[in-house]
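Me: I want to go through this model label by label. For each label, give me the value and the cut-off, then the conclusion.

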Amino acid sequence: MSNPNEHDTCVHELYVNCRRFFLVGTAHVSKSSVDLVERVIREQRPTAVAIELCNSRYSAIIDPESWRHADIFNIIKSGKAYVLMAQLALASFQKKLGERLNSKPGDEMRKAIEVANETGANLVLADRDVKITLKRAWSKASLWAIFKICFSMLASFFSDEELSEEDIEKLKQTDALENAIAEFSSHLPGVKEALIDERDLYLANKIFNAPGDKVVAVLGAGHIPGIKKALGSHIDIEPLEVIPPPRLSFKLFTWSIPTILIGLVAYGFFHAGAQVSAQMVITWCLATGVLAAIGALVALAHPLTIASAFFAAPLTTLHPVIAAGWVCGLVEAVVRKPRVIDLENLADSITSVRKLWSNRVSRILLVVIFANLGASIGTFVAFGSIWSLL
């Protein structure tokens with residue numbers, strides 16, 4: 001085969017330490033990317049094929065029915081409802097693009113796995129675990145950055161913006177990608193570091209350590225520039241796999257809420273009397289409970305779930321570990337048990353507002369989010385009202 005660079009700017013051939021590496025830059029919903037991946041692997045017959053997947057994403061690729069086995073109770077109890085919603089938001093966006101372009105998200109990875117198995121190449125899962133990546137990105141994000149990310153996630157569910165296949169192909173061009181990444185970095189530098197820069201280093205390390213003298217790596221095109229710079233250099237990936245502890249400022253903030261409330265109630269008791277102190281407690285319970293219940297109502301929760309939001313929020317808002325939404329989500333999951341059909345249709349349900357609220361699994365996640373949002377708003381409302389009583 002002639003040098004692929006002569007025919008396709010999406011394939012980058014590198015020689016490092018007498019070894020040949022072919023970096024295939026793809027767009028994750030592009031039909032031409034699928035064809036390109038198959039052509040390069042079949043023509044090059046590499047010893048190893050490295051793909052931009054971790055173990056959990058690989059399992060999801062080869063077992064698309066894995067949603068059926070999801071344990072919604074464990075997801076809520078472990079506080080992973082927001083992570084699941086983030087993954088669903090991304091899946092929703094990619095699914096919409098795939099439907100328009102007649103291609104499923106991840107088809108290029110499926111093809112790489114298929115052809116690697118056919119040709120006898122070693123398959124290397126080169127990406128960092130997605131949970132570690134999300135947690136590191138979350139730990140580096142400011143509160144404003146988190147707000148923008150959440151808003152973008154919500155907007156992606158309802159976006160009808162048209163994107164042609166020509167637009168998708170432009171996304172694979174290095175100059176356009178570098179400009180987009182530079183803009184992303186200026187707005188969310190900490191998040192960009194975890195999502196892109198760190199993974200560039202991680203991927204480069206795994207690709208370089210793949211067996212054999214000829215390696216084909218199938219990657220999102222946005223990672224190509226960073227990997228080209230890092231490939232072959234000494235990279236210690238252990239620090240990149242560490243999950244940072246919760247920030248001290250976050251711990252102080254969560255514990256400050258009960259501390260301040262107790263202080264205000266005590267101050268009210270000694271300086272304004274027991275009646276004012278009792279009124280403060282009632283104000284707290286009503287503000288947090290009512291707004292959490294309204295949040296559950298917006299999510300069309302079961303009446304028992306709405307009641308649980310009202311009674312749980314005044315207590316959970318004082319506890320730094322337990323959230324009102326978690327309690328509501330568990331109650332909703334008990335009274336409206338998810339059905340197999342809900343899990344089967346989850347990927348499709350996130351593509352429209354009506355389906356999002358009618359699917360029992362996605363509605364449980366909405367209950368968690370909106371109940372927590374209501375309780376959080378109620379906390380600020382309560383503090384304002386309590387302060388006015390002094």
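Reply: Start with Leu 231. Setting aside neighbours within four places in sequence, Leu 231 is in contact with Leu 14, Val 16, Phe 21, Ala 204, Ile 207 and Phe 208. Keep in mind that this is a predicted model.

Me: What makes these residues count as being in contact with Leu 231?

Reply: Contact requires heavy atoms within 4.5 Å. Leu 14 and Phe 208 are among the residues that meet this for Leu 231.

Me: Which core has Leu 231 among the residues with the most contacts inside it?

Reply: The largest nonpolar core, which has 24 residues. Phe 21, Leu 23, Ile 207, Leu 219 and Ile 227 are also listed there for the most contacts.

Me: Why is the pair of Trp 284 and Phe 383 called edge-to-face?

Reply: A search of the whole structure finds three aromatic pairs. In this one, the ring centres are 5.3 Å apart and the planes stand at 65°. Pairing needs centres within 6.5 Å, and edge-to-face needs planes over 60 degrees apart. Both tests are passed, so the pair is edge-to-face.

Me: What parts does the pair of Trp 284 and Phe 383 tie together?

Reply: Trp 284 lies in helix H13 (residues 274–298), and Phe 383 lies in helix H19 (residues 360–389). The pair therefore ties together parts that are 99 residues apart in sequence.

Me: How do you know whether Trp 284 and Phe 383 are buried or exposed?

Reply: Buried means under 20% relative accessible area. Trp 284 is at 3%, so Trp 284 is buried. Phe 383 is at 18%, so Phe 383 is buried too.

Me: What makes Phe 310 and Phe 311 an edge-to-face pair?

Reply: Their ring centres are 5.2 Å apart, with planes at 85°. The angle is over 60 degrees, so the label is edge-to-face. Phe 311 has 60%, which is over 50%, so Phe 311 is exposed.

Me: Why does Arg 19 count as lying over the face of Phe 208?

Reply: Arg 19 is 5.3 Å from the ring centre of Phe 208. The distance cut-off is 6 Å, and CZ must also be within 35 degrees of the ring normal. Arg 19 does lie over that face.

Me: Why is Lys 111 called buried?

Reply: Lys 111 has a relative accessible area of 17%. That is under 20%, so Lys 111 is buried. Lys 111 lies in helix H5 (residues 107–119). Leaving aside neighbours within four places in sequence, Lys 111 is in contact with Val 34 and Glu 38.

Notes
Residues are numbered from 1 along each chain as its sequence is written. This is a predicted model: local features need pLDDT of at least 70, side-chain atom pairs count only at pLDDT 80 or more; totals for chains, interfaces and linings use all residues. Side-chain values use heavy atoms; hydrogens and water are left out. Rings of Phe, Tyr and Trp (its six-membered ring) pair if their centres lie within 6.5 Å; planes under 30 degrees apart count as stacked, over 60 as edge-to-face and the rest as tilted. Helices (H or I, at least four residues) and strands (E, at least two) are DSSP runs, numbered from the N terminus. Buried means under 20% relative accessible area, exposed over 50%, partly exposed in between (1.4 Å probe, protein chains only). A nonpolar core is a set of buried Ala, Val, Leu, Ile, Met, Phe, Trp, Tyr and Cys residues joined through side-chain atoms within 4.5 Å.
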